[in-house]
Every structure is written in C-alpha cells, then in structure tokens.
Amino acid sequence: MFRIRKVFDETSKSNAFAVAQVKEIIKEHFSELDESRIEEISMYLKNPLKYKFKSILFVSDNVNGKVRGFAFLLYAPDLNFCFLDYIATEKKEVTQGVGGAIYRAVRREALQLGALGIFFECLPDDPELCKNEKILLQNISRLKFYERFGARPIINTKYETPLKEGGDNPPYLVYDGLGKDIPLEGDVLKKIIRAILTRKYSYLCPEAYIDMVVESVRDNPIKIRDYKYVKKTENIYEGDRYLNSKIKVIVNDKHLIHHVKEKGYVESPVRVASILKELEKTEIFERVKSESFSETHIAAVHNKEYIKYFKKVTENMSEKTAIYPYVFPVRNRSKPPKELDVRAGYYCIDTFTPLSKNAFIAAKEAVNCALTGASLIVGGESLVYALVRPPGHHAESEYFGGFCYFNSNAIAANYLSGYGKVAILDIDYHHGNGQQEIFYKRDDVLTVSIHGDPSFAYPYFSGYSSEKGEGKGLGYNINFPLKEKLTPEEYKVTLRKAIKKLKDFEPKFLVVALGLDTAKKDPTGTWELTSNDFRDVGKLIGEINSPILVVQEGGYDTRVLGKNACYFFIGLAEDKYRGKVSFIVKS
Ligand SMILES: [Zn+2]
C-alpha cells in the first residue's frame, strides 16, 4: 500500500522537499542528463503555459516525506494527449510495487482528463537496436511491465531512428490507449509526435529530423505492436478504466444539530468527522450534495402516526431538554397516551434513545442522503456511500430505538425495490431488527444480518436464526447470530455463507448497512476486526455483482472508525473496479 499524492507547485516546505528528492532520483537514474533538463521540472511547475503542457508530478512518499518514487506527467490540452516524461523509483526498478502503483495513478489521471491516451518513450527490446545485453534485459522487463496495461510501442514509423547514424538504444514511442480500444488516426499521431519532439526534445532533435519522423507516419489508424510478453487476456489492469468514476459520498451535514450531550452517549457527531477526515486523505471519494425527497418515502416504510408524533414532539422541545421514554405499553397498545412526553414509550423499544429537539430534522436528512444515494445507483453508479448519523437499522416501522429514528437503509431499499429486487446485508455488530420487521412479509427485499447473538447483544429480543420471514416473505429473512468471542477468520467464514445466500438471490441492487462496531475495542461490541479485516470484508462483499449502496450505521471507536471505513471501501473498490486501489494513506 502506498500513498501517492499530486504536487502542483513547490510553495510548501513538504512539496519543495519532495521535488528536491525527485531531482536527485532523476540524477541517479539518468546520469547522462544535463542539469538544466532536470531543473525543467521546476520550470514546468511554475510556468506550464510556456511549454504548452500542463504538468502533474505524482509523488509516493512516506510519513516523513521520503520519496520512494515519482512520475512526471505532461498533458497537452490542445491535442488532448498525455506524455509521461519520467517515471522512476528510488531503487532502479519501476516494474515492481511502487512503480506499478504510480503508473496506475498516472493512468487514472489520464482517464479523468479524458485524454486520448498516454505516450512515452521506452528503450527498445530489439537486440538489433540495443547492443548491450544488460540494458536489453532491463528494456525487456519495462516493456513487459507496460504491456500488462495494454501499452505497447507504435510500429511502422521511424520514431526509433537514432539521432546520429550508428547510435545505439533509440527509444520506441509507446502508446497506452487506457483500455478504451479507440483507434488512433494517423493525422492525430503526426501532430502528437511533432508536439512531443518540438516541445520536449527540440534541444536534441533538428527540425529536419522531426519532419522526417512525422512524415514516416503512414498507417491510418496507427498500428501498435502485438502483445509480445503477456496474453491479451492477462491484461490485468484493463479494469483501471472503471476507476475514472470515484465513489460518491453523501454526507448528512445536518447531523451536528442532533447531539445528545449525555455522558456515555456514544452516538456522537465526532463519528462522522472522524470518518470524513480519513476519506479525504484518499482520492477515491467524491462528495455529492444530498437532495430533498418527499416524506412519502418515509411514510412508505414507517407508521404515519409515529412520523407525525416524532415531528410534533420534537418541534415543541427546547434545545436543552431530552425526552427519555419511560413507560412502555407491554400488554396493551390499544391507545397512545395523550401526554406527548409519556407517549415516547409507545413508539420506542428501549430507554436510552432520547428524543431531542433536532432529532427529527437530522434523521430526515439522513434519509435524504440515503435516498440520494439510491437515486444515484438507479442512475448507473456502481458504488455509493451515504455517510449519515443518526443511524437507522434499529428503527422498525413504528418504533425508534438503539440511537435510530428512521430506518434510512430500509427506506432506500424500499425506493430501490421499485426498480428491481433488493438485498440488504447488515454487518453492524447489532441485529438489524428494523429492516427485518419492515420487510418481514416481503419476498422482493431479502434481509440478511450478521450480528452478536441476541442472547447477549442488543436488541436482545430479535436476531435469532429461527426468524425467517412470514407468508410470502418466508425464507427472505436470514439471520446469522454469532458468539460473543469470535476471531476475524470465524467472522469471515460466516460472511462467506451470507454472501452465498445473497448471490443466490441475484439482487438488482445491494444495500449494505455498514456498522463498524465489529471492530476491535469498540465500546459496544465484543469482536476484534482490524482495518485489514475490513478490507477483506469489503473485498468479499464486492464479489456480489450488483451496484452497492452503503449506508452508515453503528461504530463508536472514533480512533479507528475512519481508517476502518476507508479500508472497507478500498476492499470493495478493488473488487468492483477490478484494479488495485493505491491511494491509501498510512496513519
Ligand atoms: Zn451497532
């Protein structure tokens, strides 16, 4: 795992330090290069227009700022192509780990720019062109590395003509079409070659030489060398093209107003901030604003009287008070109590989920976020994250509880069910009793939950494996209650079983109720998942071949929440996009 960041200027101390190290690496790798050519990097960064290239420096450095590798990518907006000027790592080997991660970052950038492709020079693997056997082997390994991305030399041109007669080791011009399989026209290549040679190498190439190379382009479309080292089907990074779409995140920005300032009330606003902080360190997420949805979506899942009560009671409250339910209609639910405060118990399952002045507004906005996510999924997104609190999965059709008021994931699932079969996978440490109850009699929404056995874990009264659904819904609710002490490996064995059930159901959409309270040391759980386990969990879930809406539920150890969420998504994205995700910041 590597952190890769983009450096656009040298104004900050850390950037200046990175650029200085980059220059050192260039010096070491390209000893024949003139000092002034190396200084060009700074010139490009300062004054991109002068060179008709927008420059982007990718640096992989560790927490101390030590650079392990870099790439210097140039983008020509006028001709819409990228030229990879340098890619190098501290050890003289670009084809391993760091180099691969950097090259993938470069490809992703090119995809985001909408470029025709990436062009770069690579020394030849033809013994006729490279007489030195040791260098030839290095050249072969590089070309083999790029071939795995589909990038191969352009053939039938005179690009690899030595500048001086008898010159050895002249570079090929390599083309990476970014997996788009769009043929490149000869005339376009002519312009690109002229731009590369004049903008980049005019100090080396006389005009007549440039004309000669440009005129040598005869094919239309241009021809790329056949695969020489890997089979086309082994082109393992083909999937990188999917990475031009980032994971959309919708954050409930009204969550802050719902703050129960009670000692020990672990469902606190800092939870969202601590997740966001980590997400923002990576480049795989993109914030999207929530939209407003009509309350009919909530009413399609929750009892109308409950919604009305929740709205009314909170409207009349003062900022400073909280109503804790304390009388519960155990034997007789015939009539709700008149007194609003007392009535809380009529709609609640426990004594520790208070009503606060802003609970309704915050919970409704969490629903809006989940619905926005669902609408993006319907619109074709493959992975969306509704980062919300208060959570929702304990909220049943007419009960709040377990810090939950409206069941956002169930409301989103119900919305999605209008477009096809939906499955909900609840991986919170606590049973997803809310969705279970809401969809208990339906066969178009499969509810699956993996959780601590109710014999010792909240909500205590539901979550047993014998609860399988009712009527038409029989067989469409599956519970996996697990023991109190559990290894991450045992957990994953059960997760695999759940995934098998989900796959068999063939849902059009998958909603994941993401609880992070299965983590080691979570104050509300007893299990021991680490960040790497969350990555595995994400990876396994990613095997389900449906678009995924992830809705945030529990998770209360704010020291690790963000990291665990990130790792979960990285695992998920790795599978969804079939490419390694390398934008990870070690913390
Ligand atoms: Zn939980």
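Lys492 is buried, with a relative accessible area of 6%, where buried means under 20% relative accessible area, exposed over 50% and partly exposed in between (1.4 Å probe, protein chains only). The side chain of Lys492 meets that of Glu489 in a salt bridge, at 3.3 Å from N to O; a salt bridge is a side-chain nitrogen of Lys or Arg within 4 Å of a carboxyl oxygen of Asp or Glu. Glu489 and Lys492 are 3 residues apart in helix H14 (residues 488-505), and are therefore separated by about one helical turn; helices (H or I, at least four residues) and strands (E, at least two) are DSSP runs, numbered from the N terminus.

The model is predicted, so that local features need pLDDT of at least 70 and side-chain atom pairs count only at pLDDT 80 or more, whereas totals for chains, interfaces and linings use all residues. Residues are numbered from 1 along each chain as its sequence is written, and side-chain values use heavy atoms, with hydrogens and water left out.

By the salt-bridge rule the count comes to 34, and three of these pairs are listed here.

| Salt bridge | Closest N and O atoms |
|---|---|
| Lys190 and Glu215 | 3.9 Å |
| Asp219 and Lys223 | 3.7 Å |

Because Lys190 lies in helix H5 and Glu215 in helix H6, their pair ties together parts that are 25 residues apart in sequence. Lys190 is partly exposed at 21% relative accessible area, and Glu215 likewise counts as partly exposed at 44%.

Aromatic pairs number 39, counting rings of Phe, Tyr and Trp (its six-membered ring) whose centres lie within 6.5 Å, with planes under 30 degrees apart taken as stacked, over 60 as edge-to-face and the rest as tilted. The rings of Tyr103 and Phe149 are edge-to-face, because their centres are 4.7 Å apart and their planes stand at 75°. Tyr103 lies in helix H3 (residues 97-113) and Phe149 in the loop between helix H4 (133-147) and strand E6 (152-155), so this pair ties together parts that are 46 residues apart in sequence. Both Tyr103 and Phe149 are buried.
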